[in-house]
Amino acid sequence: MSLKGKTAIVTGSNSGIGLGVARELARAGAAVVLNSFTDREEDHALARDMAAEFGVEVRYIKADMSKGDECRALVEQAGACDILVNNAGIQHVAPLDEFPVEKWDAIIAINLSSAFHCTAAALPMMRKAGWGRVVNIASAHGLTASPYKSAYVAAKHGIVGMTKVVALETAKEPITANAICPGYVKTPLVEAQIPDTAKKYAMTEEEVIEKVILDRQPSKQFATVEQIGGTAVFLCSDAAEQITGTTISVDGGWTAL
Ligand code: NAD
């Protein structure tokens, strides 16, 4: 599978799943635009290292995905967008009647509205290029719910719905739109929660992984960022040309329960 000649923008890609997806797209030959809201030397170093490792062009562009104009500016500044991976996301956990309004607004903005703005800016470029792939990183929480995650579940269900609309609006064009729905993926964010949770419940770290974090994941294994990246590369392949407007779960059986 070669993505040579294609440019991929991955939002929120200086860590975790976004970085993993960007690496797999670069491995497949795509030029990559990395993004986050910071502008640190290490962000640019990440781009340089990835370019050297995979022999492709990699740029880092700072843009805050909580702001619509910055989302659109990211795509404009990239100058081309054959593959758009809407990945940036944050989480906050609280009962609905205590959920801080500013957290609700931030989650809806970053996890959902950014995908609207980036896709709106990218579609004309895809149409001009005569090819395009929109890959939205949703979640098992785009298909199911958990208590205390009202904003996250609403945003993820929202992005699954928007994926279908984009697919219908581009159905007769060589453009597809799909959502990947990961279960728990071992990213630094998730890993960092393990020791604290172990202390809180007086459990070993292994027990926390199996009984708390992976409670709803029947495989009792985390998905990896490489597996999410590989799924994104598959969605960009010729084999996936007729796959559009749907979700692919990478969740160890979570949504089969
Ligand atoms: P992460 O915290 O490692 O990555 C989030 C990325 O988004 C980071 O690069 C961060 O810098 C960026 N980001 C945050 N706010 C931003 C903003 N305002 N503007 C630009 N970038 C911003 O978390 P992750 O686990 O890799 O999550 C990535 C995506 O995958 C999210 O959409 C998340 O909901 C989804 N997801 C994660 C899991 C999991 O288990 N880790 C499971 C399902 C879905």
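Here is a short walk through a helix pair and a ligand site in this predicted model.

Let's start with the helices. Two packed helices are described by the angle between their axes and the distance between the axes. For helix α1, residues 16-27, and helix α2, residues 41-54, that angle is about 30 degrees and the axes lie 9 Å apart. If you look at how the two cross, you will find that α1 passes α2 in a right-handed sense. On the α1 side, the contact is built from L19, A22, R23, A26 and R27, while α2 brings L46, M50, E53 and F54.

Now turn to the ligand. There are 30 residues around it, and those that come nearest are N14, I17, S36, N87 and Y152. I17 also falls within the stretch of α1, residues 16-27, and a backbone N or O atom of I17 sits 2.8 Å from an oxygen atom of the ligand. G12 uses its backbone, placing an N or O atom 3.2 Å from an oxygen atom of the ligand.

How much of the ligand's surface does the protein bury? Taken alone, the ligand exposes 820 Å², and the protein buries 91% of that area.

Definitions and conventions:
Residues numbered from 1 in each chain as written. Predicted model: local features only at pLDDT ≥ 70, side-chain atom pairs only at ≥ 80, totals over all residues. Heavy atoms only, no water. Axes fitted to C-alpha atoms, helices over the stretch in contact; angles between N-to-C directions. Helix = DSSP H or I, 4+ residues; strand = E, 2+ residues; numbered from the N terminus. Left-handed = near helix turned anticlockwise from the far one by under 90°. Contact = heavy atoms within 4.5 Å. Near = heavy atom within 4 Å. Polar contact = N/O pair within 3.5 Å; in protein donor to acceptor, adjacent residues only side chain to side chain. Areas by Shrake-Rupley, 256 points an atom, 1.4 Å probe, with all protein chains shown as cover.
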